[in-house]
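Me: I would like to go through this model carefully, with the criteria stated as we proceed.
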Amino acid sequence: MTVLQITDLDVHYGLGRRRRQALKGASLAVEPGEVLGLIGETGSGKSTLARAVLGLVPASGGRIVIDGEDVSGYRARQWRSLRRRGVVQYVFQDPLRSLDPDLPIVESLIEPLLIQGIAREEAIAKARTFLPKVRLDEELLDRLPAQLSGGQRQRVAVARALITEPKLVILDEPVSALDAANRVGVLEILKDLRATGIALVFISHDLGSVAGIADRVAVLYQGELVEVGTAREVVATPRHPYTRLLISSAPTLRTASAGRAEREALRALLHA
Ligand code: ADP
Ligand code: MG
């Protein structure tokens with residue numbers, strides 16, 4: 001079953017003369033186990049799309065179906081219930097947003113399970129089994145977020161998102177705040193996740209970061225999805241002028257900010 005289907009999705013912010021449309025008729029489907037890269041410049045509506053799918057911002061039009069459940073028109077209480085079940089999880093750009101600075105890592109990890117009513121001992125046992133999946137050592141469980149590197153923190157945030165065994169994880173710029181070395185570490189665990197069958201929506205403003213991982217790439221430009229295709233198709237035969245611009249600017253991105261693994265992924269794709 002399709003994990004996420006959005007159809008003609010509209011999102012507005014503000015009221016009266018301040019009202020602005022941030023998402024315009026977006027349609028997209030994500031299949032089980034697929035990695036979809038969602039790219040676009042700052043302000044193009046990427047986070048808005050993610051927030052709409054999580055019920056954190058209301059849609060003003062269109063439909064959202066998550067794992068067969070039509071959630072369009074859900075009220076706050078129904079969204080909370082959906083999030084508690086953990087079918088869709090979210091990883092923010094800044095891992096400190098999902099980790100309580102005053103609590104040891106283990107507490108942040110087990111929180112989604114405790115919310116589901118799972119017993120503490122069982123939740124901790126499960127947390128231990130998830131650490132190897134994000135290449136982290138058990139000894140980190142008792143530490144505070146501040147005692148971890150940015151990359152380790154983001155891997156904890158990924159483990160926390162996985163622990164409810166979701167069908168879909170939305171990662172909003174998960175590596176943008178990390179330095180090159182930590183970025184590669186997180187990209188590698190995201191690659192590992194492909195084997196688990198969990199669908200990922202990987203949001204980035206940087207084509208280079210998603211190119212090596214995504215099965216398909218969707219390009220957002222000023223609130224509209226202007227292109228969706230396999231990463232290879234989008235790079236080889238971009239249809240929208242903005243996508244062409246994005247690709248032509250990739251060499252600058254490569255030298256300016258991309259790490260070696262990203263450069264290699266992009267090069268492999270460009271020359272495939
Ligand atoms: P991206 O994640 O691609 O950078 P966003 O989805 O955050 O883009 O923003 C899309 C547009 O919506 C931008 O023009 C932004 O200024 C606007 N926007 C985002 N959040 C809000 C908000 N809470 N209130 C009003 N406007 C917003
Ligand atoms: Mg954003």
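Predicted model: local features only at pLDDT ≥ 70, side-chain atom pairs only at ≥ 80, totals over all residues.

Residues are numbered from 1 along each chain as its sequence is written, chains are lettered from A and ligands numbered from 1 in the order in which they are written, and side-chain values use heavy atoms, with hydrogens and water left out.

Me: Which helix gives the most residues to the shell around ligand 1?
Reply: The residues around ligand 1, meaning those with a heavy atom within 4 Å of it, include Tyr13, Glu41, Lys46, Ser47 and Arg51. By class, this shell has 2 nonpolar, 6 polar and 3 charged residues, where Ala, Val, Leu, Ile, Met, Phe, Trp, Tyr, Cys and Pro count as nonpolar, Asp, Glu, Lys and Arg as charged, and the others, Gly among them, as polar. Helices here are DSSP runs of H or I with at least four residues, strands are runs of E with at least two, and both are numbered from the N terminus. The helix that gives the most, with 4 residues, is H1 (residues 46-53).

Me: How much of the accessible area of ligand 1 does the protein cover?
Reply: An oxygen atom of ligand 1 is 3.1 Å from a polar backbone atom of Gly45, and another pairing puts a polar side-chain atom of Lys46 at 2.8 Å from a ligand oxygen. In the side chain of Ser47, an N or O atom is 2.9 Å from an oxygen atom of ligand 1. Of the 560 Å² of accessible area that ligand 1 has on its own (Shrake-Rupley method, 1.4 Å probe), the protein covers 56%.

Me: Why is H1 described as largely enclosed by the rest of the structure?
Reply: Buried means under 20% relative accessible area, computed with a 1.4 Å probe and protein chains only. H1 is largely enclosed because the buried share of its residues is 6 of the 8.

Me: What relative accessibility does Thr243 have?
Reply: The unreviewed UniProt entry lists residues 4-247 as "domain: ABC transporter", and annotations of this kind may be inferred rather than shown by experiment. Thr243 lies in helix H9 (residues 241-248). Not counting residues up to four places away in sequence, Thr243 touches Val219, Val226, Glu227, Val234 and Pro238, contact meaning heavy atoms within 4.5 Å. Thr243 counts as buried, because its relative accessibility is 0%.

Me: How far apart in space are Val87 and Thr164, C-alpha to C-alpha?
Reply: Val87 sits in the loop between helix H2 (76-85) and strand E6 (88-91), and with a relative accessible area of 18% it is buried. Beyond its neighbours within four places in sequence, Val87 is in contact with Ile66, Asp67, Leu82, Pro166, Lys167 and Leu168. Although Val87 and Thr164 are 77 residues apart in sequence, the distance between their C-alpha atoms is 7.5 Å.

Me: Is Pro145 buried or exposed?
Reply: Pro145 is found in the loop between helix H4 (120-130) and helix H5 (150-162). Its contacts, leaving aside neighbours within four places in sequence, include Leu96, Asp100, Ile105 and Arg153. At a relative accessibility of 1%, Pro145 counts as buried.

Methods: Polar contact = N/O pair within 3.5 Å; in protein donor to acceptor, adjacent residues only side chain to side chain. Buried < 20%, exposed > 50% of the residue type's maximum accessible area, 1.4 Å probe, protein only.
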